[in-house]
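This report describes one protein chain, beginning with a single position and then turning to the chain as a whole.

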Amino acid sequence: MQNLKQQFLIKDDITFLNFGSFGACPRPVFETWQQFQLEMERDPVQFIVADGLKYLATAREALAEYVHCNPDDLVYVTNPSYAVNAVAKSFELKPGDEILTTDIEYGACDKTWEYYCEKAGATYKRQAITLPVTSKEQVVNDFFKGLTPKTRMIFISHITSTTGLRLPVEEICKVAKEKGLLTFVDGAHAPGHIPLDLTNAPFDYYTGACHKWMMTPKGSAFLYVKREYQSSIDPLIISWGYKALFPSDSQFLDYHQTNGTRDYTSFLAIPAAIAFMDKYEWTSVAADCRKLVQSNAQAFCDILETIPLAPLTDDFILQLCSGLVKTKEPEKLKQHLYDQYRIQIPVMRQGNQVYLRYSINAFNSQADLDALFDALKSIKKNTSLIG
Ligand SMILES: Cc1ncc(COP(=O)(O)O)c(C=O)c1O
């Protein structure tokens, strides 16, 4: 596995095992971003209302090509939370309606749906997925146990956050479409992590973060919506794009791209991130990372005295691996790992459980996981934080 550590800005004195939260920019991507910011500051007016918008169109085309969709079918948003809010707020929920989801979704998205469902007298139904997962069929069957005649939309993660699992969303959404349901996939972790073909996927709505596995600057994400549903999404901010003086061909774009003065340069670095991945042959880099993740998963679980959350194959475990950790003090454990061992790794709650999750990207090596394993063994032996 080629180690690209020198291409990143991550500090030398930390073991960085949390790519999943906010990604990290490679140097050339970061420098491209800074160049755009500099250009903006040298003539803010020309940049914000003219040149920058041209770069934005170019970047959107590059991203659309990368995720295989028409550029007019996606809009930039700052993060997946924004996208989920825009869809949930616009969705005309009636009392009694149900949104079907799993019990392993990202907490902030759960809160968004709970908020809008409660407001409308609808139900956000968090269907239990049995862990450990044994097969794709099991996940599909578990999920649809929550289906009722009142279900209107399904909302599901492509790769879950806390449990780090790739879910069979293509299979689930295909069944959902056959049943006449709308499908919304939270792909926060997907772009740059797994190949996407949004045009041919059974997804009506899809959000992805570029600032995680595509390694772009923070605050760059997108919302994709199938053409027939685009006009039903209100922008979270109404601005000049509404009844635009010079409308583009896409109302979807006008509504969502124009939302007041902001620094949109993080989106402009997307082509540089794609070029970086091409240069270093990311398909093969990602495959090496998955191998490292999967080959260490059993040892990780053994130390935690638990079992893997799914079969150790590309169907379920990619560049993230989570294990149940027996701790009463997750926040203290995370801080201890950082303060005492300089290991950056999340310890996360989901329901009544706590999970420790490692992420692997191009700058990691076996030594990073060995450092984690040594630290965990020492914590078990010398403290009451685990056990
Ligand atoms: C599965 C999933 N969905 C949504 C999000 C939300 O991302 P953001 O905080 O960038 O909106 C995250 C963030 O980690 C996530 O892991």
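## The position of T306

In this predicted model, T306 lies in the loop that runs between α11 (282-304) and β9 (320-324). Is T306 buried or exposed? Its relative accessible area is 17%, and because the limit for a buried residue is under 20%, T306 counts as buried.

Beyond the neighbours within four places in sequence, T306 is in contact with C301, G323 and L324. The helix α11 covers 282-304 and the strand β9 covers 320-324.

## Fold content and dimensions

The secondary structure of the chain consists of 13 helices and twelve strands. The radius of gyration is 21 Å, close to the 21 Å given by the globule rule for 387 residues, so the chain is as compact as a globular protein of that length. The C-alpha trace spans about 70 × 55 × 35 Å along its principal axes.

## Burial and contacts

Of the 387 residues in the chain, 55% are buried; T306 is one of the buried residues. Among contacts with a separation of 6 or more, 70% are made by residues 24 or more positions apart.

## Surface and charge

The chain has an accessible surface of about 17000 Å². Carbon and sulfur atoms account for 52% of that surface.

How far apart are the mean positions of the positive and negative charges? The chain carries 39 positive and 45 negative charges, and their mean positions are 5 Å apart.

Technical notes: Residues numbered from 1 in each chain as written. Predicted model: local features only at pLDDT ≥ 70, side-chain atom pairs only at ≥ 80, totals over all residues. Heavy atoms only, no water. Helix = DSSP H or I, 4+ residues; strand = E, 2+ residues; numbered from the N terminus. Rg over C-alpha atoms; globule rule 2.2 N^0.38 Å. Buried < 20%, exposed > 50% of the residue type's maximum accessible area, 1.4 Å probe, protein only. Contact = heavy atoms within 4.5 Å. Areas by Shrake-Rupley, 256 points an atom, 1.4 Å probe, with all protein chains shown as cover. Lys, Arg positive; Asp, Glu negative; His and termini not counted. Charge placed at Lys NZ, Arg CZ, Asp CG, Glu CD.
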